[in-house]
Amino acid sequence: DVMSMIAAQKWRGEFQIVTGSTHYQLLIEKGVLQHAASNRPEDRIDHLLTSRYNVSAQELQRVRKSTLPGQLYEQELLAHRVLTQKQLEECHATIARKIFFDALTLHEGKYAFVVLPETDNTPPQATVPLRIDQMLLQGVERIDEVELFRKHIPHLQVRPRRTGEVESSDNPHHKLALMYSDGTRTLDEIARTLIE
């Protein structure tokens with residue numbers, strides 16, 4: 001409801017949400033999500049590059065070591081041709097959507113919306129112009145899916161284990177879900193990985 005009001009009023013500011021040790025920051029400009037970040041490792045670009053783009057941790061470490069003070073790590077990723085400008089923009093959008101939808105499904109926490117003055121024109125490190133009204137519609141669908149999921153699964157700390165043969169699927173998310181269902185990962189961990 002708060003996010004809907006922010007979008008409808010076309011406010012400009014930073015929406016901050018804290019739940020437990022997790023801190024979300026969403027920069028909003030007149031109904032558009034410009035930037036999103038969190039302090040969780042799975043919301044960082046390195047995690048996305050290793051899980052989705054198959055970039056090795058060693059390669060990322062090499063780029064980090066070559067990044068000098070004052071240089072932007074993401075610009076070094078481009079310079080080392082780890083990814084293209086288009087892929088970098090896709091990564092920013094993917095991370096921003098994930099953080100936005102994760103924030104929508106929170107059940108507890110504290111939040112504050114800090115209105116930024118019009119004179120503050122400092123651009124974020126990465127800009128991803130995503131319309132909040134469109135994402136809210138998708139978010140409602142996800143919330144409904146989560147509620148249906150909760151009716152069938154006791155809690156997200158269950159560690160599923162594949163016990164037999166299943167029908168093969170061409171859907172990469174289905175394949176990953178089966179691969180990760182090895183008894184070591186919780187449903188929460190699997191779901192967060194697949195949402196990326």
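Two strands count as paired if DSSP finds at least two bridges between them. Keep that rule in mind as you explore this predicted model, because six bridges link strand β2 to strand β3, so the pair meets the rule.

**Strands β1 and β2**
- Strand β1 covers residues 12-19 and strand β2 covers residues 22-29; eight bridges hold this pair together, and the two strands run antiparallel.

**Strands β2 and β3**
- Strand β3 spans residues 32-38 and pairs with β2 in the antiparallel sense.
- Two residues lie between the strands in the hairpin of β2 and β3, where Lys30 adopts a positive phi near 50°.
- As you follow a strand, remember that in a regular strand the side chains alternate between the two faces of the sheet.

**Helices α2 and α5**
- Helix α2 (residues 45-52) and helix α5 (residues 85-104) have axes that come within 10 Å and cross at roughly 110°.
- Angles of 65 to 115 degrees count as roughly perpendicular, so α2 is roughly perpendicular to α5.
- On the α2 side, Ile45, Leu48, Leu49 and Arg52 meet Leu88, Cys91, Thr94 and Ile95 of α5.
- Sorted by class, this contact of α2 with α5 includes six nonpolar residues, one polar and one charged.

Definitions and conventions
Residues are numbered from 1 along each chain as its sequence is written. This is a predicted model: local features need pLDDT of at least 70, side-chain atom pairs count only at pLDDT 80 or more; totals for chains, interfaces and linings use all residues. Side-chain values use heavy atoms; hydrogens and water are left out. Axes are lines fitted to C-alpha atoms, for helices over the stretch in contact, and angles run from 0 to 180 degrees between N-to-C directions. Helices (H or I, at least four residues) and strands (E, at least two) are DSSP runs, numbered from the N terminus. Angles under 35 degrees count as roughly parallel, over 145 as roughly antiparallel, 65 to 115 as roughly perpendicular and the rest as oblique. Contact means heavy atoms within 4.5 Å. Ala, Val, Leu, Ile, Met, Phe, Trp, Tyr, Cys and Pro count as nonpolar, Asp, Glu, Lys and Arg as charged, and the others, Gly among them, as polar.
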